[in-house]
Structures are given as structure tokens and as C-alpha cells.
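Visitor: I have a model open and would like to talk it through with someone. Could you put it up on the screen before we start?

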Amino acid sequence: MTNFIDTITFQYYEADIKKIRPKGDITLRQFINATMSPKESLKETFSKIEQASLAGNKELKAELKKGLFAVTPCVKVRGVRNYESIESFNNILVIEYDGIDFSEEMRDYI
């Protein structure tokens, strides 16, 4: 029997928002594993991003994030990342609450 997290796949991209072509596909399991156990170099980058965020340095935070990957877990696209190219939807809901004043309360409520 195939596990749900092995059947859901979605695309990943370079973090640069202008690079709109997928680099490849990743399963939900691979994404969870990579998130839960990142490589040492990524841990260092995450730490620097957090420090920049705490310091209110949005420019440095944005620059550091360019070294990461971006994902579109809710959809699969054909060719390029935009609404017109949505090919199918996954059974995943992503809720973005970064930058909302009451984000911790919202997260806990959800």
C-alpha cells in the first residue's frame, strides 16, 4: 500500500521569484524529510535569515533567501509558475501568515 505522503508530488524552483520554470518534482515525504533534517549549510543559512529577521534587516533576509528553493505544494504547473499554467491541484492547503501581527495566535488557533 502506497502512503499518502509518497503519492503527493509538487514542483520546486530556485528562490528567485523571476525564475519561473520548475527545477523538478519532490514528494511530500522528501519535502518533510528535508525540512526536518536540513543539511548543515542550510542550517547556517536559516540561522542567518532568522538573525536578519530579528534585526529587522529585510534586505539581508531577502538576499539570504535567494540561496534557498521555493515550492508550489498546492498546484502543479505546465511550463512556468503562473495562474494560467496551473495543470492540477494537490490535496494540500498552504496558509501563509508570515508578517501578520497575530500570527502566533492564528497558528495556534488553526
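Guide: First a word on naming: helices (H or I, at least four residues) and strands (E, at least two) are DSSP runs, numbered from the N terminus. In those terms, Ile-92 lies in the loop between β5 (86-89) and α5 (103-109). Please keep in mind that this is a predicted model, in which local features need pLDDT of at least 70 and side-chain atom pairs count only at pLDDT 80 or more, while totals for chains, interfaces and linings use all residues. Residues are numbered from 1 along each chain as its sequence is written, and side-chain values use heavy atoms, with hydrogens and water left out.

Visitor: OK, and which elements are there, from the N terminus on?

Guide: The protein has five helices and five strands, and their order from the N terminus is α-β-β-α-α-α-β-β-β-α. Along the principal axes, the C-alpha atoms fill a box of roughly 45 × 35 × 30 Å.

Visitor: Back to Ile-92: what is it in contact with?

Guide: Leaving aside neighbours within four places in sequence, Ile-92 is in contact (heavy atoms within 4.5 Å) with Ile-8, Phe-10, Leu-28, Pro-73 and Cys-74. The C-alpha atoms of Ile-92 and Val-75 are 8.6 Å apart, although 17 residues separate the two along the chain.

Visitor: Can you give me one of the buried ones?

Guide: Ala-52, found in helix α3 (residues 40-54), is buried, since its relative accessible area is 3%. Not counting residues up to four places away in sequence, Ala-52 touches Asn-57, Leu-60, Lys-61 and Leu-64. From Ala-52 to Ala-62, ten residues on in sequence, the distance is 9.2 Å, C-alpha to C-alpha.

Visitor: Switching to the sheet, what order do the strands take?

Guide: Three strands form an open sheet in the order β2-β1-β3, with antiparallel pairing; two strands pair if DSSP finds at least two bridges between them. Since β2 (24-27) and β3 (69-72) stand at the edges, each with a single partner strand, one side of each is left without a neighbour in the sheet. From one strand to the next, the twist averages 40°, where axes are lines fitted to C-alpha atoms, for helices over the stretch in contact, and angles run from 0 to 180 degrees between N-to-C directions.

Visitor: How many bridges join β1 to β2?

Guide: Four bridges join β1 (residues 9-14) to β2, and β1 and β3 also pair over four bridges, in the antiparallel sense. Gln-11 shows both pairings, as it stands opposite Asp-25 in β2 and has Thr-72 as its bridge partner in β3.

Visitor: Which helix lies across those strands?

Guide: That is helix α2 (residues 28-36), which lies across β1, β2 and β3 and runs at about 80° to β2.

Terms used: Buried < 20%, exposed > 50% of the residue type's maximum accessible area, 1.4 Å probe, protein only.
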